[in-house]
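User: I'm new to this structure and would like a close look at a single part of it, the inside. Could you walk me through what is packed there?

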Amino acid sequence: MKNKSLVLSVLLVGLAVFAAAVWYQSRPGPVAQVDPVQPEIAEALMRPYSPIMGPEDAPVTIVEFFDPACEACRAFYPIIKDIMAEHGDQVRVVLRYTPFHGAASEEAIRVMEAARMQDVYIPVKEAILEFQPRWASHGEPAPGLILGIAEQAGLDVEAAQNQMKAPQTLAILNQDRADVETMGVRQTPTFYVNGKPLDPFGADELRALVAAEVAAAGS
């Protein structure tokens, strides 16, 4: 019995050591200390007109420089939704338009702005991202498909024709382009969390930075 007890104890200790080693190797790394953007360009990070998802008074703000034709932006969207669901009313997302993929990107943005005027912004955005491979093929872009996709998501296409050309829509596009240059954004998506750039870039890093900012806001 003593031998069996000794063997069992050794096994249990070994398992505990192994489990500790696995946890040590897989534990979340510390969040890198990153300074917020410089005050002289902070105004360019977001504007009062920028689309917001989540509570307007949330203590943590994710700013995403976003191109609706960007495959990585499409891949990050469920991650963003998951982060918002995890943290509830602590997190909001602000979108800045970054039409790096030309005419198709710009038309999608104009359609999204028309959808915002019609209070169907989220369903239209999600439909545009869902069917992105159809309209945003970099080999053969087909921007004319976007309105049909948006119509299926609830957009009034007849009203949208004028809304897409409205002066405020053009003003938003122009200001966002200028702010992209000011911020030095060169790829999409580019994220800032409470003014801090996501560096290094990655889904795990974004989750960790948001979690750290939520914790800091609650302390």
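Analyst: Val124 has 0% relative accessibility, so Val124 counts as buried, a word that here means under 20% relative accessible area, with over 50% called exposed and the range in between partly exposed (1.4 Å probe, protein chains only). This is a predicted model, in which local features need pLDDT of at least 70 and side-chain atom pairs count only at pLDDT 80 or more, while totals for chains, interfaces and linings use all residues. Residues are numbered from 1 along each chain as its sequence is written, and side-chain values use heavy atoms, with hydrogens and water left out.

Val124 sits in helix α5 (residues 121-130); helices are DSSP runs of H or I with at least four residues, numbered from the N terminus. Leaving out residues up to four places away in sequence, Val124 touches Val111, Ala115, Ala150, Ala153 and Leu155, where contact means heavy atoms within 4.5 Å. Take Val111: 13 residues separate Val111 from Val124 in sequence, and their C-alpha atoms are 8.3 Å apart.

Now for the wider setting. Val124, Val111 and Leu155 are among the residues that touch the most other members of the largest nonpolar core, which has 50 residues; Trp135, Leu206 and Val210 are in that group too. A nonpolar core is a set of buried Ala, Val, Leu, Ile, Met, Phe, Trp, Tyr and Cys residues joined through side-chain atoms within 4.5 Å. In soluble globular proteins, nonpolar side chains tend to be buried together.

Let's follow Leu206 next. Not counting residues up to four places away in sequence, Leu206 touches Phe76, Ile80, Ile83, Phe191, Val193 and Leu198. Apart from this core lies another, of ten residues, including Phe65, Val94, Val180 and Tyr192.

Leu206 also belongs to a meeting of two helices. From α3, the residues Phe76, Ile79, Ile80, Asp82, Ile83, Glu86 and His87 meet Ala203, Leu206, Arg207, Val210, Ala211 and Val214 of α10. The residues of this contact divide into nine nonpolar, one polar and three charged; Ala, Val, Leu, Ile, Met, Phe, Trp, Tyr, Cys and Pro count as nonpolar, Asp, Glu, Lys and Arg as charged, and the others, Gly among them, as polar.
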